[in-house]
Each structure stands twice: as C-alpha cells, then as structure tokens.
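Here are my notes on the model. Please read them with the structure open.

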Amino acid sequence: MTRDVPSSAWTSLGDYLRETQLLGSIQSTLYWDQNTRMPSGGAAWRGEQLALLARQLHARQSCERYAALIAEARQAWQASSEQTSSADRAAQARNLDLLEQELRRQQALDPDLVSAIAVAKSEGYECWQQAKAAAAFGQFAPALKRMVALRQEQARQLAEPRSCWETLAQPFEPDLTLARLQELFAPLRRRLPELLGQLQGGPRPTSLSWDLEASTQQDLCDQLLKAWGRDEAITCVAASPHPFSITLGPRDFRITTRVVAGQPLSCFLATAHEWGHSLYEQGLLPSSHQWFAWPLGQATSMAVHESQSLFWENRVARSQPFSEHWWPRFAAAGAPIANAMDLWRAMNPMAPGCNRVEADELSYGLHILIRTDLELALLEQGLEVEALPSEWNRRYGELLGVTPADDAEGCLQDVHWSEGLFGYFPSYLLGHLISAQISEAMETAIGAPEEHVRRDDLQPVLSWLREAVHPIGRALNAEQLVASVTGRPLSSEPFLRYLEAKIERLGTSP
C-alpha cells in the first residue's frame, strides 16, 4: 500500500521506523532472555541495559527529526490524491494518524521518567520473583508502590482527557473508556456468580488426583504444536515463570510455557493458549520491511490478541471433539484416562480456585473483575499498596468462595503489576467476549468450530481467521473490528450463551 505514494518523504519515514523497530526488537529480545534464561544475578545490569534502550527509543520517537519526517509524509499523502487508490489512501492516512498520536504521547513524556520506568520494571520483575518464591508480599510492596507512583506520573504527563487508569489502558485497548468497560462487564458481574452458584451443588474437584512427568507434558505439547502446523524455522518454545508470547522479528515468533506440579493439563493448555497468540502474530499483514515497522502491521489490541489465544485454548483444545481425538495420546502417556469423556471433564473442571491461569472459563472472568477493580482502587481511589493482600483475599472470598493459602497463591500470582502493566487485565475478559462473538460469526460463515475439530481439519478455521481477523491490524480498534466481522456491537451475551450451553452439556453428560 505505502509503495504507491511517489514520495521520498514516505520512504525516509519508513526507513526511520524500521530502525526504531530494530531497536525495539533488541529490547524485546533482552526481555525474552530475562524471562527465560537470564540468571538472577544479571538483573541489575539488565535493568541498566533496558533503561538505556528505553531512553534511546523515546528519543527516536519524540525528536524533531522524527516529527519532521511524519509531517513531510503527511504533505506527500495530501499531494498524492490522483495517483493512489482510495483504499490505499485510507490505509496511509490511518498509519499517519496513529504515528502522529504516538508522537504526541512520546513528546509529552520526560526522558528521565521513561528511564525510571524501565529500571523499575526490571527491578520489579526480579523483586516479584523473589517475593513470590517466599510467599511474602512485604518484600514486593516497595517496588509496587514505586511503580504505581511512576505510572500515575506518566498519566499526569500525558495529560489526556481520560482518567489515570484509562490513559494507562490505551496501549492495550485503544479508545477504551472506563464507562464502556463497565457497561460490557456489568452483565458478567451479575450472571457469572449465578452460574457458579448453580454448580456449587455437586462435587466438582478443583484439581486432578494424578500428574504427569514434566518431560511427558512437554512431549504432549510438542505433539500439539506439530498437529497445529508449527514451523520450527520461525518459532521457538521455552519455559518461563509466567507463560507469554512475543514477536522479535518478521520471522521470529517465541512462546513460553511452564509445568505446574499437580496440574498435568496446565502446560498443555498454556501451550494451546500461547500458540493462539503466535498464530495471530504470524497472520498479521505480511511482515515485509514496510509492514513490520508501520502501525497497520501491528495487532489490533490486546483484547483481540486474547480472543485468538482463548479461541485455540477453549474453543479447540477444551472442546469435546478435541478430547475424542486426543484422549488416546494422554492415556498412552500414562494419564489415568479411559475415554474421551474423562479427558473432556478434566479439561473443563468448572470449579472455582485461587489461580487465574489455571481457572476454568466460567470462573476466569471473576478473577479479571477482581484485578480490574483493584487496579482502579490502587491508581484512582487511594487504596494503599500494603492493604492489597487483605483486599485481594476478601474479594476472592466474596466472589469465588475461596481464600488463598498465602501471598504467592494470592496477590503475587501474576507478573503484570511488577512491570506496571495497569489496564492490561481487562483485555483477558474482553478477549473472551470477542472470541465468543467471532465464533458465532465463524459458525454462520463456515460451520461451528467444534465441527471442524471433530473432522480433525482445522485448516478452514485458521483460513477464516486469516482472512477475517488477523490481517486487520490497527486499521480498526477492537470494537470496530468486532462490528465489521460480526455485524453487531460487542456484547457479553454471546459469551454468556456459550457458557450456559457448555455448563448444561457438562451437567448432562454421563
């Protein structure tokens, strides 16, 4: 698209963006290493490395030269109306709009604050790991208090017509408002506890009574990725304390998983989840020189990202047809599974627990509602950091009927706040809503996803996503994408319909 603009200004801007992206990918590679292989003793030096890169990136993204390149490209775009198709002009305009928006944000930030946040993220991550290992929130509290203050200062400097939390949420969910978020979440706040209450009558174990060796779990994960078309030439899998997916270059896609003692399906489902993220990244606009650097080649939002990972984890790996195909593999690996129903029920316990990552589809939303409310309390409502563990435990008792055994099982279980990623958590639940609504649209277009799983042919599913969802990038925001794909505004109703139907099947299946 951009190549049609007869302008050296546009080419110069593209070259500049590519160099910025190279620096950003170096920063991401250091982050990958920090989370996978770096010894704990390297944390201080890594913090200095990341702070240096953060300052350099901020300088590149806020300097007068960069501003001039954008302005010159805008002028070239305005002069190219007779030489470029309307579709290409719209794409070029959207790229420039997004670049100008981010330029304003970067220019508003003090370089010293950018550096301080980078150091605090690195130190906070290391402190979180140590505090979690010791189940001692007090060890982490000073780092979290500093991060809250830094992010509040970031919101003040950005000075957008949004609240502090809304401002910090924009990188994850562009254009999201707190009012819209609460509107989408209100039906879930009412209905999820009711559905959970319906299941409380019967005995439903929160964990399995069996386990598998770590090497066995990893072998099953390798089988899954191979079955789902992994290309080892462009993908890498490693272990980390918290599973994640990251893209380091146009042909460099990484995911991590972890083996959890006593949770023999955790690594498998985490692999399915993170591979969904990676598939989305691999399906964005072709990762050429131009598109890897331009905004339209980036993910729409974290909620759309999560919708893709949740689709592959829940609509595929947790589906009944999937268990029909895979239970013999688990049985052969040593799992006490006699039939497909055994595996399907193990994949879908539908019982509340303390851990978000291990949560079922029903209780998962309540984990996110708690975190969202606590973020707002920390950033905007004066909740003291020291009060976080007691507030966390109180809300878990009220909403989920469970109490964490210690801080590691409670407010230290997630990595996000150690890096100041406030505003990120709602994307997980929004991802559930988007996944459900897009799945209904897929069913109308090519048939239910579960039927393709039953036929053991997922290529039509991936092809549909590759056409309808993945290549949109940042041409639209999340809600615009949903409306474009489904013909309806985003709603919680498709997700609730899906949950209710699944609960009914689990309750009536022998």
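Is Arg105 buried or exposed?

1. Arg105 is buried, because its relative accessible area is 15% and buried means under 20%, with exposed over 50% and partly exposed in between (1.4 Å probe, protein chains only). This residue is found in helix H4, residues 86-108. Helices (H or I, at least four residues) and strands (E, at least two) are DSSP runs, numbered from the N terminus.

2. A word on the source. This is a predicted model: local features need pLDDT of at least 70, side-chain atom pairs count only at pLDDT 80 or more, and totals for chains, interfaces and linings use all residues. Residues are numbered from 1 along each chain as its sequence is written, and side-chain values use heavy atoms, leaving out hydrogens and water.

3. What does Arg105 touch, leaving aside residues up to four places away in sequence? Its contacts there are Leu158, Glu160, Arg162 and Gln170; contact means heavy atoms within 4.5 Å. With Glu160 there is a side-chain to side-chain polar contact at 2.8 Å. A polar contact is a pair of N or O atoms within 3.5 Å; within protein, one must be able to donate a hydrogen and the other to accept it, and residues adjacent in sequence count only if both atoms are side-chain atoms.

4. The largest nonpolar core has 128 residues, and Trp228, Trp312 and Phe330 touch the most other members. Helix H15 (residues 361-380) gives the most to this core, 11 residues. Apart from it lies another core of 21 residues, including Leu13 and Trp77. A nonpolar core is a set of buried Ala, Val, Leu, Ile, Met, Phe, Trp, Tyr and Cys residues joined through side-chain atoms within 4.5 Å.

5. Trp77 also has the charged end of Arg74 over its ring, 5.4 Å from the centre. Likewise, the charged end of Arg254 sits over the ring of Trp32, at 5.1 Å from its centre. The criterion: NZ of Lys or CZ of Arg within 6 Å of the ring centre and within 35 degrees of the ring normal.

6. One aromatic cluster is formed by Phe172, Tyr364, Trp392, Tyr396, Trp417, Tyr424, Phe425 and Tyr428. Phe425 and Tyr428 are both buried.

7. Overall, the protein chain has 21 helices and 3 strands. Of its 510 residues, 57% count as buried. Residues 24 or more positions apart account for 75% of the contacts with a separation of 6 or more.

Notes. Phe/Tyr/Trp six-rings, centres within 6.5 Å; stacked < 30°, edge-to-face > 60°.
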